[in-house]
Amino acid sequence: MFTEIRDITSLNKEEILALRIADYQQDFIETTLQCLTEAENDRRYIPVGLYKDDIAVGFAMYGVFPHEDETQRVWLDRYFIDEHYQHQGLGKYFLQQLIHFLVRDYHCRKLYLSVYDHNNVAIQLYKKFGFVFNGELDEQGEKVMVKEVHNHDNN
């Protein structure tokens, strides 16, 4: 299986815009169009396509943002696998790839994400990878989760 995390360009934008989540997941995350628009308006967001065998199967958006304690936080801000490719282990696979990618590129000690407290499937996935709730809420009222990164996590 050949997989890749790709930048989104004019060459692959349409296939990224075609990615969809299941109807019951609609309240958990914005559409790729909303995400790409947000990234155009705020260059701190970096959207990427998740590819398996040269086919777009998922989407992620990450970035580095200042925090009120004057530190910088690396956020995995959006993440999903297209509804047609769910239940194949790709969610776990690409989350691991994204963690390695972000740790390698940003040399960070912590990764942050946020999740609605009723998104049980995502919460269980994130917990398997060492994310824990830190007691904070983001601007949309989602619960913040953080993963402490250890040196062996980015090998």
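Predicted model: local features only at pLDDT ≥ 70, side-chain atom pairs only at ≥ 80, totals over all residues.

First, the overall dimensions. A compact globule of 155 residues would have a radius of gyration near 15 Å, and the protein has 15 Å, which agrees. Its C-alpha atoms fill a box of roughly 40 × 35 × 30 Å along the principal axes. Of the 155 residues, 46% count as buried. The accessible surface is about 9000 Å², and carbon and sulfur atoms make up 48% of that. Now take the contacts with a separation of 6 or more: 57% of them are between residues 24 or more positions apart.

Next, strand E4, residues 72–81. Is E4 mostly covered or uncovered? It is mostly covered, with eight of its 10 residues buried. E4 pairs with strand E3, residues 55–66, in the antiparallel sense, over nine bridges. If you want to find one of these pairings on the screen, look for Gly63, whose bridge partner in E4 is Trp75. E3 and E4 form a hairpin with five residues between the strands, and there Glu70 takes a positive phi near 70°.

E4 also pairs with strand E5, residues 110–115, and here the two strands run parallel, joined by two bridges. For Val74, the bridge partner in E5 is Leu111. How does the chain get from E4 to E5? It goes through helix H3, residues 90–106, in a β-α-β crossover that is right-handed.

Last, helix H4, residues 120–128. Its residues Ala122, Ile123, Leu125 and Tyr126 are buried. Seen down the helix axis, the buried residues of H4 fall within an arc of 165°, so they line one face. The background is simple: an α-helix has 3.6 residues a turn, so residues three or four places apart point the same way. What do the buried residues of H4 pack against? They pack against E4, H3, E5, strand E6 at 132–137 and strand E7 at 143–148. So much for the buried side. On the face turned away from it, H4 carries the exposed residues Asn120, Val121 and Lys128. After H4 comes Gly130, which has a positive phi, near 95°.

To go back over two points: E4 pairs antiparallel with E3 and parallel with E5. And E4 is among the elements that the buried residues of H4 pack against. That is all I have.

Note on methods:
Residues numbered from 1 in each chain as written. Heavy atoms only, no water. Buried < 20%, exposed > 50% of the residue type's maximum accessible area, 1.4 Å probe, protein only. Helix = DSSP H or I, 4+ residues; strand = E, 2+ residues; numbered from the N terminus. Pairing = 2+ DSSP bridges. Right-handed = clockwise from strand over helix to strand, strands pointing away. Rg over C-alpha atoms; globule rule 2.2 N^0.38 Å. Contact = heavy atoms within 4.5 Å. Areas by Shrake-Rupley, 256 points an atom, 1.4 Å probe, with all protein chains shown as cover. Arc of directions from axis to C-beta.
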